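Here is a short tour to read with the model open in your viewer. Have the sequence to hand as well.

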Amino acid sequence: MWMRLNYWSFKIFSSRVLKMAVGSCLAIWLAEQFDLEFATSAGIIALLTVVSTKWATVRLSVVRFLSFALTIALAYVLFPIIPGDWIAYGFFLLFLIGISYFLRWNDTVSVNAVIGTHLLAAKTIGLEVVLNELFLLV
């Protein structure tokens, strides 16, 4: 069933679509300019960051940084001690999703799951890798 869009609904809809598309493209471009690994992930992160109000955006940004620290800590602890990438990633997700849902950080799970794959692929979690992921988040 098609919805009839009035002028204001269309304006809000088109504004949000434009923010998502342009923001995602600019994030990838900026990540490429800074020569970050996994630059395309910056576009996905930007896409998942667009929310309906300014306060919701601020809240999500703060929670995203806190959950980023959780992601780094979990990967640092779990990836070296669990054999097999897919098994380590499964346990990583188990803890990440469980803790995130407990803390009501549900909106951050998808971004941190992507960051987890980057950390797993890196094989070592050093300062350079962590800074790369942090810059993708910013």
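## Ground rules

This is a predicted model, so local features need pLDDT of at least 70 and side-chain atom pairs count only at pLDDT 80 or more, while totals for chains, interfaces and linings use all residues. Residues are numbered from 1 along each chain as its sequence is written, and side-chain values use heavy atoms, with hydrogens and water left out.

## The overall fold

The chain is built from six helices and zero strands, which reads as α-α-α-α-α-α along the sequence. Helices here are DSSP runs of H or I with at least four residues, strands are runs of E with at least two, and both are numbered from the N terminus. Along the principal axes, the C-alpha atoms fill a box of roughly 55 × 35 × 30 Å.

Of the 138 residues in the chain, 33% are buried. Buried means under 20% relative accessible area, exposed means over 50%, and partly exposed is in between (1.4 Å probe, protein chains only). As for contacts (heavy atoms within 4.5 Å), take those with a separation of 6 or more: 59% of them join residues 24 or more positions apart.

## The core

Which residues touch the most other members of the largest nonpolar core? They are F79, F92 and L119, in a core of 29 residues. A nonpolar core is a set of buried Ala, Val, Leu, Ile, Met, Phe, Trp, Tyr and Cys residues joined through side-chain atoms within 4.5 Å. At least two residues of this core come from each of α1 (7-33), α2 (39-49), α3 (54-81), α4 (85-102), α5 (109-122) and α6. The most come from α3, which gives eight.

Leaving out neighbours within four places in sequence, L119 is in contact with T71, I72, A75, F79, I125, V129 and E133.

Helix α6 covers residues 127-137, and its buried residues are V130, N132, E133, L136 and L137. They span an arc of only 155° around the axis, which puts them on the same side of α6; the arc is that of the directions from the helix axis to the C-beta atoms. On the face turned away from that buried side sit the exposed residues L127 and E128.

Some helix geometry is handy here. An α-helix has 3.6 residues a turn, so residues three or four places apart point the same way.

The largest pocket holds about 400 Å³ of space. A pocket is found on a 1 Å grid over the protein atoms alone, as an open set of points where a 1.4 Å probe fits, with protein on both sides within 12 Å along at least five of seven lines; lining residues have an atom within 4 Å of a point. Grid points are joined across faces, edges and corners, and the volume is the space filled by probe spheres set on the points. There are 17 lining residues, with A27, L30, A46, L137 and V138 nearest the centre. α1, α2 and α6 each supply at least two residues of this lining, and α1 gives the most, with six. By class, the lining has 14 nonpolar residues, two polar and one charged. Nonpolar covers Ala, Val, Leu, Ile, Met, Phe, Trp, Tyr, Cys and Pro, charged covers Asp, Glu, Lys and Arg, and the others, Gly among them, are polar.

The second largest pocket contains about 260 Å³ of space. Its lining is made of 11 residues, and R16, K19, V51, S52 and T53 lie nearest its centre. Two or more lining residues come from α1 and from α3, with α1 giving the most, at four. This lining divides into three nonpolar, five polar and three charged residues.

## Single residues to look up

In the loop between α1 and α2, D35 has a positive phi of about 55° although it is not a glycine. F38 is in the loop between α1 and α2 and has a positive phi of about 60°, again without being a glycine. D35 is exposed, with a relative accessible area of 67%, whereas F38 is partly exposed at 34%.

S41 touches V114, H118 and L136, residues up to four places away in sequence not being counted. T117, in helix α5, is partly exposed at 35%.
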